[in-house]
Amino acid sequence: MKLTFAINPLMKSFSAILVMALAACAPAADFSTGQSARMIIGQPTFAAQKAGASEVLVGAAGGVAYAGDMLLVADANRIGPTPQNHRVLIFKNISQKFPAPTDTLSVGPRCPVCTADPTLPRPADVELGQPDFTTVLPSLTQRGLRLPTAVASDGNIVVVADTDNNRVLIWNSIPAANGAAADIVLGQDNFTTVRQPIVTDAKSFRGPQGAWIQNGRLYIADTQNHRVMIWNTIPTQSNQAADIVLGVKDFTTNPDPFIGGPSETPTNSNLLNPVSVSSDGVRLYVSDLGHNRVAIWSDINSLSTNKAFDVEVGQPDFVSAFANNSPKMCASNGVDSHNNPTYPARCAGTMNFPRFALSDGTRLFVADGGNDRILIWNQIPAASGTAADVVLGQPDMISDVNTDYSDLFTPNFVQSSSDTIRTPTSLAWDGTNLYAADPSNRRVLVYTPNPPILPPNGIRNAASLSIYAVGSVVYLGTPAVSATVAIVIGTKDTSGTPVNTVTYTYTVKQNDTLVQIVQGLTALINAGNGNPNILAIADSPANAVLLRARVSGDLGNNLAIANTLSTSSGLTGTVTSPAGGKNAARIAPGSLITVFGTGLCDCDPAYVSDVAMPRQLSGVQLYIDGIPAPLKYVSATQINAQMPYEVADTTSVTVWLRYTKKDGSVVTSSSLNVPITQQNPGVFAFPGSDPRAAIALHAFSNATALVSIDGSVKAGDIGTITIGSNPYKYTVLATDTLISIRNAFVALINASANEVVTAQASGVFTRIILESKVAGAVGTGIPITTASSSTSAGLILTALQAQTCCANQGGSLISPSNPAVPGETIIIYATGLGVPFEDAARAGAQTGVAYSGPELNGPVAFVSSLVGGRTANVLFASLIPGTVGLSKVVLQLNSSLPTDPLTQGTIAQSIYVSNIVTIPVQRGTSLTPATLTFGTVTKATTSVLSATLMNAGLSTLTAIGATVTGTNAADYTFTTTCGTTLAAGANCTYTVTFKPTITGTEAATLSVTDVEGTFNVNLTGTGQ
């Protein structure tokens, strides 16, 4: 019999279930802190770090320039990353070659905004310094280069700082062929020699690293001579002397050539290893690397030798030079143990080895290399020490995310991501886009100012949405009047010590039960605005206060919970600290995703009822690495879409939104980085406060049982599965595997026409699902046993249930009025399980279209599950044919689960755990009441009370036994009408006698164990 699961009608309403209302507004277009790059030059994806050289692939490129619709890239650097390709690439007509921010992109290429995507014709047109695009040899010739770190152009000529040859080369026209010879050399007598010894004069250089052309003048940052040289006209002959020098008093001054060498105090007329020079036509900007500042001359037309600059940023004054001068530039972030103020490592005003400064005439951009970021001032600073307004490459002004970090166990989501940069060295502006050289990641990033419509972490797994940490306090016992019960909530400091604690105390009143205590504590915690860190939820049937973090993600795992009870309270409280907070914004390929934001479209809400998902809906397009994402629902506040399967080759994508307004104008958002992981499951649940109720179904109308095939393959082993009185034996062959052994048992069972069950292989592990041929209660209670005869103890057969059980109406919704029962097989729905493992399934899983099968499939990373703190056996975890991005997870609940309408469940793959959902579970067996209170009894006399065991299930209850345990167990005895079995619908009693031998409170526990688990009755009395 084939196991199939119909798509329940409620599955069709997933997008409607996930719709939430948010207010809408449209922010202004500009750069925003933390935005990601929109495009990348030199790599095929944003996470790639391919080494090499070609017409599309760059090495550790350290220089970038723009002029005349050309992008020029100096493919070498002075800071160490490799490969050093000793060349300059020229991309011509980039407005036609590279996509504009408002362009409509089509389905096809893997990354339409990555210039090294091999499917796109976007190569460099010309290469300088090498004869072809694959040669990378350094040389000292008229056509060669040795570590060119900077390039400049005005659209008519090209200037290259040939750093390690101590020279600057000039091409008098834009080269049309690879390896074109330079026309002019500065800093050397000719094209083939280097001056020895190096002298300092108006013609010489020592490691020049910056070049700029402005209004017919040439500017060179002569780095190791600690100066900037200026030619008032573009040189027309080789070895021509400069006209003006800045940073030193004259052309022959020769400071110490090494960084940190000059001993003079910083001033506004000296420089220490300047690495870039640029101008906006009004001002001159110099990155004064060694002084950790950017110097600004306010009037470029009034420059003269050794003229002092007017303003600096990165330092508070002209005489400071400390890297990240936090005490003078940043607000205090607290005090130390001696009550002295402390400061962050960096802030919006500090710099650490700035490597490039650039202005578009309105804004100032600085490549703050040592802090791995780009700082932006929205207006040109008019006073020294002015703080920046925006940071790119980091999430905020304080952080320095290290993109070289990697971890064996946790995938590195920031390595070469679209929103991080490692030691940026150069910048360029084309009027629309900001280009940033990122040599450590072998690429040039392209940032575009647009409204930040997509908020950080605004793109989520559509099932989990947010993953909150959840803890609990569970109470047992008989409460004493006037006893106090307290829950203490706080956070943890770096050592794990609870801090900022708040105590919520409930005083027990006359006739209070555990339920009233739980509800009272919940009300105290949530009163008014509630605890700032925790939301309390009363799980009354479980005598538990659930404690859910108010903030999703890892922060919620750092909360401290404690329980305190007054002396002789009669209670115990078991604390489980909040855990399980995860990041739902890490997305697996193929996942259904939800985008939350404001101003996401200028449209009425639109929903696609067909399975196939369009790439444009109501004028809205969501681009993921430039791939138009399939859309299911769009509104001004929410978009439901699918993450393309094509991004399985990366750990990071860039995402932006484009939509057409009703008036025909186009809105494009700034880009947002989204981490990509191979799996990060989410479980679909109904709307509400987390943990939300799972969308879960009863799996079978017929009773089932499960047999597991484990161990090792040993020829000659004999395994036996007995169903009722029918044994099925199989002798293991040398050629067998556990899968073939399982399949052989399935065939044996199904070959028996008289058998009362059918057998089927599960999709996960080597298990056999046995299903009664008759629906309902008639098929329950069929005994299942296993045995193995083996001299080597190889084959292991395990009946995970002693009998078939748990029939319901297959496909019906699990709800409080129709709960799951322990041991039942249920279905939950998920997304984010990743790419299928099987080739056929992978071929059937196409972006934006219905999965075409096969029905039996599984993800690369196997799925496990915990429900009620116990392992649930996963039988299937597979994409559903006829749906997009939707998986069903079929799992068997543990047979020992207690009754709890808020039973918590998760699924997991590797280190990735889903959101916590709840599933109502109702045991078929009950033992009531939960507490027997005998009151005050005189010693040597007795008091007698009874508890009733009821079997409300559909099958006979077996393996019944009882014990009394606890400190005063000897003073409690019992008799029972219960045997070792109890028929369906029957009940029996346990009669307990209390005969005190001491004066004072005596407590014990009556524990009744059966095939479904253990039930406890609290026994309490007072002797006198």
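**Salt bridges and disulfides in the predicted model**

R78 comes out as partly exposed, with a relative accessible area of 35% (buried means under 20%, exposed over 50% and partly exposed in between, with a 1.4 Å probe and protein chains only). The structure is a predicted model, so local features need pLDDT of at least 70 and side-chain atom pairs count only at pLDDT 80 or more, while totals for chains, interfaces and linings use all residues. Residues are numbered from 1 along each chain as its sequence is written, and side-chain values use heavy atoms, with hydrogens and water left out.

R78 pairs up with D164 in a salt bridge, their closest N and O atoms sitting 3.8 Å apart (the rule asks for a side-chain nitrogen of Lys or Arg within 4 Å of a carboxyl oxygen of Asp or Glu). R78 lies in the loop between strand 3 (70-74) and strand 4 (88-91), and D164 in the loop between strand 7 (158-162) and strand 8 (167-171), so the contact ties together parts 86 residues apart in sequence. Helices (H or I, at least four residues) and strands (E, at least two) are DSSP runs, numbered from the N terminus. D164 is partly exposed as well, also at 35%.

The salt-bridge count comes to 20. One of these joins R363 to D30, at 2.8 Å from N to O. Here the loop between strand 20 (354-359) and strand 21 (364-368) supplies R363, and the loop between helix 1 (14-18) and strand 1 (39-41) supplies D30, so parts 333 residues apart in sequence are tied together. R363 is buried at 12%, whereas D30 is partly exposed at 25%. D360 joins these two in a network of salt bridges. Another salt bridge, between E127 and R87, has an N to O distance of 2.7 Å. E127 belongs to strand 5 (residues 126-128) and R87 to the loop between strand 3 and strand 4, 40 residues away. Both ends are buried: E127 has 0% relative accessible area, and R87 likewise has 0%.

As for disulfides (cysteine sulfur atoms within 2.5 Å), there are five. In sequence order, the bonded cysteines pair 1-2, 3-4, 5-6, 7-8, 9-10. Among them, C330 and C347 have their sulfurs 2.1 Å apart, and a torsion of -85° about the S-S bond makes this link left-handed. C805 and C806 are bonded at 2.3 Å; their torsion is about -65°, so that disulfide is left-handed, and both cysteines are buried. The link of C978 and C988, with sulfurs 1.7 Å apart, is right-handed at 100°.
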